[in-house]
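The plan is to look things up one by one and jot down what turns up.

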Amino acid sequence: MLERKRLKGRTHVTFILPEHTPHGQVSVVGDFNHWNPAAHPLESRGDGTRAATVALPSHSAHSFRYLATGDHWFDDEHADSHDGVNSRIHT
């Protein structure tokens, strides 16, 4: 799931997944963090989910995917679109 909040020319996007699906560490990686898995790991929120929030410029589009333990890459079914390889988000 994706949540958005606009603030002064920026959009804070929160990437949310269930706590244990998939098991192990998960990071959101994309063109906004140079595909660096250490930049935005999802953290437990105590409500059965885990999340990471990224501030992006408003009125822009970005490619992203999730990277889980064991080099497991996957897309977000709630993304705005998909380009064949990556999920896409529009702010």
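**Entry 1: the aromatic cluster.** I began with the rings: F15, F32, F64, Y66 and F74 form one aromatic cluster. Before going on, I noted that this is a predicted model, where local features need pLDDT of at least 70 and side-chain atom pairs count only at pLDDT 80 or more, while totals for chains, interfaces and linings use all residues. Residues are numbered from 1 along each chain as its sequence is written, and side-chain values use heavy atoms, with hydrogens and water left out.

My rule for a ring pair: rings of Phe, Tyr and Trp (its six-membered ring) pair if their centres lie within 6.5 Å, and planes under 30 degrees apart are stacked, over 60 edge-to-face and the rest tilted. A pair of aromatic rings is described by the distance of the centres and the angle of the planes. How many aromatic pairs does the structure hold? I found 5 aromatic pairs. The ring centres of F15 and F32 are 6.0 Å apart and the planes are at 25°, so I wrote this pair down as stacked. This pair links distant parts of the chain, with F15 in strand β2 and F32 in the loop between β3 and β4 (43–44), 17 residues apart. I take strands from DSSP runs (E, at least two residues; helices are H or I, at least four), numbered from the N terminus.

Y66 and F74 make a stacked pair too, 5.2 Å centre to centre with 25° between the planes. Buried or exposed, I asked of Y66 and F74? Y66 and F74 are both buried, and F15 and F32 are buried as well. Buried stands for under 20% relative accessible area, exposed for over 50%, and partly exposed for what lies in between (1.4 Å probe, protein chains only).

**Entry 2: the core.** Next I looked up the largest nonpolar core, which has 17 residues; F15, V28, F64 and Y66 touch the most other members. At least two residues of this core come from each of β2 (10–18), β3 (26–30), β5 (49–57) and β6 (61–68). Such a core is a set of buried Ala, Val, Leu, Ile, Met, Phe, Trp, Tyr and Cys residues joined through side-chain atoms within 4.5 Å.

**Entry 3: the open sheet.** In what order do the 4 strands of the open sheet come? I read β1-β2-β5-β4, with antiparallel pairing. The edges are β1 and β4, each with a single partner strand, so one side of each is left without a neighbour in the sheet. For two strands to pair, DSSP has to find at least two bridges between them.

I went through the pairs in turn. Strand β1 (residues 2–7) is joined to β2 by 6 bridges, and R4 stands opposite V13 in β2. These two strands form a hairpin with 2 residues between them, and K8 in the turn has a positive phi of about 45°. Between β2 and β5 I have 9 bridges, with T14 opposite T53. β4 and β5 pair over 2 bridges, and E43 faces A51 in β5. The β4–β5 hairpin has 4 residues between its strands, and G46 in the turn has a positive phi of about 80°.

Entry 4: G30 sits in strand β3 and is buried, at 0% relative accessible area. Leaving out neighbours within four places in sequence, G30 is in contact (heavy atoms within 4.5 Å) with W35, S63 and F64.

R88 is in strand β9 (residues 87–90).

Entry 5: The peptide bond from T21 to P22 is cis, with omega near 0°, and P22 is in the loop between β2 and β3. H34 is not a glycine, although its phi is positive at about 60°. H34 is in the loop between β3 and β4 and is exposed, at 72% relative accessible area. D71 is no glycine either, and has a positive phi of about 60°. I found D71 in the loop between β6 and β7 (72–74), exposed at 58%.
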